[in-house]
Amino acid sequence: QVQLVESGGGLVQAGGSLRLSCAASGRTFNNNAMGWFRQAPGKEREFVVASKWKGSVTYYLDSVKGRFTISRDNADNMVYLQMNNLKPEDTAVYYCAASNSRGDYSSNYYYRQTSYAYWGQGTQVVVSS
């Protein structure tokens, strides 16, 4: 059974940092896209960042560019989200996601939630002002 388990969320003051981790089990995702999405209270879930199976190719939500960094350790089947200079508007439940499809696609593919077949349960991030 495939599982994605997030960890690392918590409460942090504005300007602080957190590092989220996502551990995948049940299969490897070395050749698959992986990403992070978030859902703030009262809002729909939105794209945050994604990484092609080649970890060097990444896509970011404009509002997190320069502050968030996705990285992956394919050997350990892990993906990380380093979040710096956090803002209150970053408060949300953060979800790890993995695609079931291998290979390269146009950039739009990586932004769509429907491109990801596997999802974690989420980890809460609260940024206080």
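Strands, like helices, are DSSP runs numbered from the N terminus (E, at least two residues, for strands; H or I, at least four, for helices), and two strands pair if DSSP finds at least two bridges between them.

Strand 1 (residues 3-7) and strand 3 (residues 18-25) are antiparallel and share five bridges, with Gln 3 partnered by Ser 25. Strand 3 is then joined to strand 8 by six bridges, again antiparallel, and here Leu 20 has Leu 81 as its bridge partner.

Buried means under 20% relative accessible area, exposed means over 50%, and partly exposed lies in between (1.4 Å probe, protein chains only).

## Two nonpolar cores

A nonpolar core is a set of buried Ala, Val, Leu, Ile, Met, Phe, Trp, Tyr and Cys residues joined through side-chain atoms within 4.5 Å. The largest one has 26 residues, and Leu 4, Trp 36, Phe 68, Leu 81, Met 83 and Tyr 94 have the most contacts inside it. At least two of its residues come from each of several strands, including strand 4 (32-39), strand 5 (46-51) and strand 9 (92-102). A second, separate core of nine residues includes Phe 37, Phe 47, Tyr 59 and Tyr 109.

## Rings and charges

Rings of Phe, Tyr and Trp (its six-membered ring) pair if their centres lie within 6.5 Å; planes under 30 degrees apart count as stacked, over 60 as edge-to-face and the rest as tilted. The whole structure holds ten aromatic pairs. In one of them, Phe 37 and Tyr 116 have ring centres 5.3 Å apart and planes at 75°, so the pair is edge-to-face. Phe 37 lies in strand 4 and Tyr 116 in strand 10 (residues 116-119), 79 residues apart. Phe 37 counts as buried because its relative accessibility is 0%, and Tyr 116 counts as buried at 4%. Both belong to a cluster linked by ring pairs, with Tyr 105, Tyr 110 and Trp 119 also among its members.

Charges meet rings too. A charge sits over a ring if NZ of Lys or CZ of Arg is within 6 Å of the ring centre and within 35 degrees of the ring normal. Arg 19 has its charged end over the ring of Tyr 80, 3.9 Å from the centre, and Arg 45 has its charged end over the ring of Trp 119, 3.8 Å from the centre.

## Gly 103 in its loop

Gly 103 is in the loop between strand 9 and helix 1 (107-111). With a relative accessible area of 27%, Gly 103 is partly exposed. Asn 31 is 72 residues away in sequence, yet the C-alpha atoms of Gly 103 and Asn 31 are 6.5 Å apart. Leaving aside neighbours within four places in sequence, Gly 103 is in contact with Asn 31, Trp 53 and Tyr 110.

## Reading the numbers

Residues are numbered from 1 along each chain as its sequence is written, and side-chain values use heavy atoms, leaving out hydrogens and water. As this is a predicted model, local features need pLDDT of at least 70 and side-chain atom pairs count only at pLDDT 80 or more, while totals for chains, interfaces and linings use all residues.

Definitions and conventions: Contact means heavy atoms within 4.5 Å.
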